[in-house]
Amino acid sequence: MRYIIMADGKGTRWQNYQDRPKHLIEIGGESLLGRTVRLLREGDPAGEIIITSHDERYEFPGARRYEPLHNHLEIDRFTEELIDDNVCFLYGDTFYSDHAINTILSTQTDDMMFFGNGRAIVAVKVTDGDLFHYHVDRVRQLFLEGKIEKCIGWQVYQSFTGLPFGEKQIGEKFLMLGDDTEDFNSPEDYNRRTKK
């Protein structure tokens with residue numbers, strides 16, 4: 001399995017809080033990216049781990065950094081040239097519990113499986129790369145044609161499952177991880193976590 005940790009976002013809501021990108025904030029003495037790499041390596045020692053980023057600070061032992069060819073729309077984080085069979089996309093600004101990573105690694109799917117909570121998708125496991133490619137391309141095209149308002153992972157999920165575009169609904173092929181993950185999009189997210 002190839003694991004792609006998406007960490008090439010622009011971080012506009014984070015605004016370089018504490019003079020560091022959100023992917024490098026520390027929780028329990030370990031950066032978000034470092035923790036994700038470690039948990040993936042422990043769970044699948046033979047897996048290939050790629051961090052997509054143009055930031056040279058995102059080099060971590062046990063993973064290699066890859067600079068995406070395109071990063072114009074948010075959906076481009078699913079680095080098109082890396083989409084293939086047996087790929088798992090994870091978000092670099094997400095804190096994953098040990099249980100969350102173990103659940104993602106152990107869950108089998110014959111095409112695609114989305115993981116998250118009611119607020120966010122935190123991972124997508126892809127067995128059929130062509131099918132995933134189709135839905136990513138479809139969402140991108142619908143967005144560029146002005147037919148949908150957003151162009152992110154939720155729309156890929158909605159396209160794949162046939163759910164209407166718009167509000168977040170959860171149907172099949174979505175595994176709820178509950179409180180086993182936590183997103184860090186803004187300084188408020190981080191401050192809320194550190195006060196726990």
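A residue counts as buried when its relative accessible area is under 20%. That cut-off is a handy way into this structure, which is a predicted model. F78 has a relative accessibility of 3%, so F78 counts as buried. F89 falls on that side of the cut-off too, with a relative accessible area of 0%.

These two residues also form an aromatic pair. A pair of aromatic rings is described by the distance of the centres and the angle of the planes. For F78 and F89, the ring centres are 5.3 Å apart and the planes meet at 90 degrees, so the pair is edge-to-face. Distant parts of the chain are linked here: F78 sits in the loop between β5 (64-66) and β6 (87-91), while F89 belongs to strand β6, and the two are 11 residues apart.

How many aromatic pairs does the model hold? The count comes to nine. One of them joins W154 and Y157, whose ring centres are 6.2 Å apart with planes at 80 degrees, so this pair is edge-to-face. Both residues lie in helix α4 (residues 153-161); because they are three residues apart there, about one helical turn separates them. W154 and Y157 are both buried.

Ring pairs connect W154 and Y157 with F114, F160 and F174 in a cluster.

## F115 and its surroundings

F115 is part of strand β8 (residues 112-116). Its relative accessibility is 0%, so F115 counts as buried. Setting aside neighbours within four places in sequence, the contacts of F115 include T103, I104 and T107, a run from A120 to A123, and also K125, F174, L175 and L177. For I104, the C-alpha atom is separated from that of F115 by 7.4 Å, and the two residues are 11 apart along the chain.

## How α1 and α2 pack

Two packed helices are described by the angle between their axes and the distance between the axes. Helix α1 (residues 32-43) packs with helix α2 (residues 98-106) at an angle of about 50 degrees, and their axes are 10 Å apart. That angle makes α1 oblique to α2. The two helices cross in a right-handed sense.

Which residues make the contact? From α1 come R35, L39, L40 and G43, and from α2 come D98, I101 and L105. Sorted by class, the contact has four nonpolar residues, one polar and two charged.

D8 is found in the loop between β1 (2-6) and β2 (26-27). Is D8 buried or exposed? With a relative accessible area of 12%, D8 is buried. Apart from neighbours within four places in sequence, D8 is in contact with T52, S53, H54, P68 and N71.

Most residues other than glycine have a negative phi. N86, in the loop between β5 and β6, has a positive phi near 55 degrees. K173, in the loop between α4 and β10 (174-176), has a positive phi as well, near 60 degrees. N86 is partly exposed, with a relative accessible area of 40%, and K173 counts as partly exposed at 24% relative accessibility.

Notes
Residues are numbered from 1 along each chain as its sequence is written. This is a predicted model: local features need pLDDT of at least 70, side-chain atom pairs count only at pLDDT 80 or more; totals for chains, interfaces and linings use all residues. Side-chain values use heavy atoms; hydrogens and water are left out. Axes are lines fitted to C-alpha atoms, for helices over the stretch in contact, and angles run from 0 to 180 degrees between N-to-C directions. Helices (H or I, at least four residues) and strands (E, at least two) are DSSP runs, numbered from the N terminus. Angles under 35 degrees count as roughly parallel, over 145 as roughly antiparallel, 65 to 115 as roughly perpendicular and the rest as oblique. A crossing is left-handed if the near helix is turned anticlockwise from the far one by less than a right angle, and right-handed if clockwise. Contact means heavy atoms within 4.5 Å. Ala, Val, Leu, Ile, Met, Phe, Trp, Tyr, Cys and Pro count as nonpolar, Asp, Glu, Lys and Arg as charged, and the others, Gly among them, as polar. Buried means under 20% relative accessible area, exposed over 50%, partly exposed in between (1.4 Å probe, protein chains only). Rings of Phe, Tyr and Trp (its six-membered ring) pair if their centres lie within 6.5 Å; planes under 30 degrees apart count as stacked, over 60 as edge-to-face and the rest as tilted.
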